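Visitor: Could you take me through the terms used for this model, setting each value against its cut-off?

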Amino acid sequence: MTTPIILASGSEIRAQLLRNAAIDFTIKTARVDEDAIKQSLIAEDASPRDIADALAEMKAKRVGTKNPEALVIGCDQVLALGRQVFSKPETPADARQQLKALAGQKHQLLSAAVIYYENQPVWRHVGVVRLHMRDISDAYLSDYVDRNWDSIRHAVGAYKLEEEGVRLFTRIEGDYFNVLGLPLIELLSYLTLRGTLPS
């Protein structure tokens, strides 16, 4: 009997990536207070990588403990400018402020995934993408936020590379799947090696 797979995320992009890879899975969104956990870890001077990993594990554990027979995938993505961690913008003004801070700088997107099975983490990976944002004029930045607010309010850093946000960058180093929030290649490799997916 095949081990069921559960995605502990409400992200439509992550779900679409798994569907595109012909993975049979169900969705059970993990209910965790991400901001409280993130702020606690920041107060403990945790690295952005550890924050992403801890949040992904917390989500996998929350759903995994109720579904121990399933492979439960928890995910999280953190944007880091040095050791400063960004969250999703709450207002258009917040989005403008984030983009102004990132303009002309190099930052990182860290996409963490943890799999829980039989009440314990059995696999984890944090994919890293380095993004170089160009200098942006105040006029373009303001117009960009106004045009795209309905979409970018759901995105840490206030941009989506799969949309107009790609125009903000001069260089991107890393796996595009990690940009979208899921280390897909590494995840599929693990599921294949353990025999969950046919090889």
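**Terms and their cut-offs**

Guide: There are 3 aromatic pairs in the structure. The model is predicted, so local features need pLDDT of at least 70 and side-chain atom pairs count only at pLDDT 80 or more, while totals for chains, interfaces and linings use all residues. Residues are numbered from 1 along each chain as its sequence is written, and side-chain values use heavy atoms, with hydrogens and water left out.

Visitor: Why are Tyr 159 and Phe 169 called an aromatic pair, and what is the angle between the planes?

Guide: Rings of Phe, Tyr and Trp (its six-membered ring) pair if their centres lie within 6.5 Å, and planes under 30 degrees apart count as stacked, over 60 as edge-to-face and the rest as tilted. For Tyr 159 and Phe 169 the centres are 4.9 Å apart and the planes stand at 65°, so the pair is edge-to-face. Tyr 159 lies in the loop between α5 (138-152) and β7 (169-173), and Phe 169 in strand β7, 10 residues apart; helices (H or I, at least four residues) and strands (E, at least two) are DSSP runs, numbered from the N terminus.

Visitor: Which class, buried or exposed, does Tyr 159 fall into, and why?

Guide: Buried means under 20% relative accessible area, exposed over 50%, and partly exposed in between (1.4 Å probe, protein chains only). Tyr 159, at 4%, is therefore buried, and Phe 169, at 11%, is therefore buried too.

Visitor: What makes His 132 buried or exposed?

Guide: His 132, in strand β6 (residues 120-133), has 17% relative accessibility and therefore counts as buried. Leaving aside neighbours within four places in sequence, His 132 is in contact (heavy atoms within 4.5 Å) with residues including Leu 168, Phe 169 and Thr 170.

Visitor: How do you know that the charged end of Arg 134 sits over the ring of Tyr 140?

Guide: A charge sits over a ring if NZ of Lys or CZ of Arg is within 6 Å of the ring centre and within 35 degrees of the ring normal. The charged end of Arg 134 is 5.3 Å from the centre of the Tyr 140 ring and sits over that ring. Likewise, the charged end of Arg 194 sits over the ring of Tyr 117, 5.1 Å from its centre.

Visitor: What about Asp 76, buried or exposed?

Guide: Asp 76, in strand β3 (residues 71-81), has a relative accessible area of 5%, and is therefore buried. Among the residues Asp 76 touches, not counting those up to four places away in sequence, are Arg 14, Glu 34 and Lys 59.
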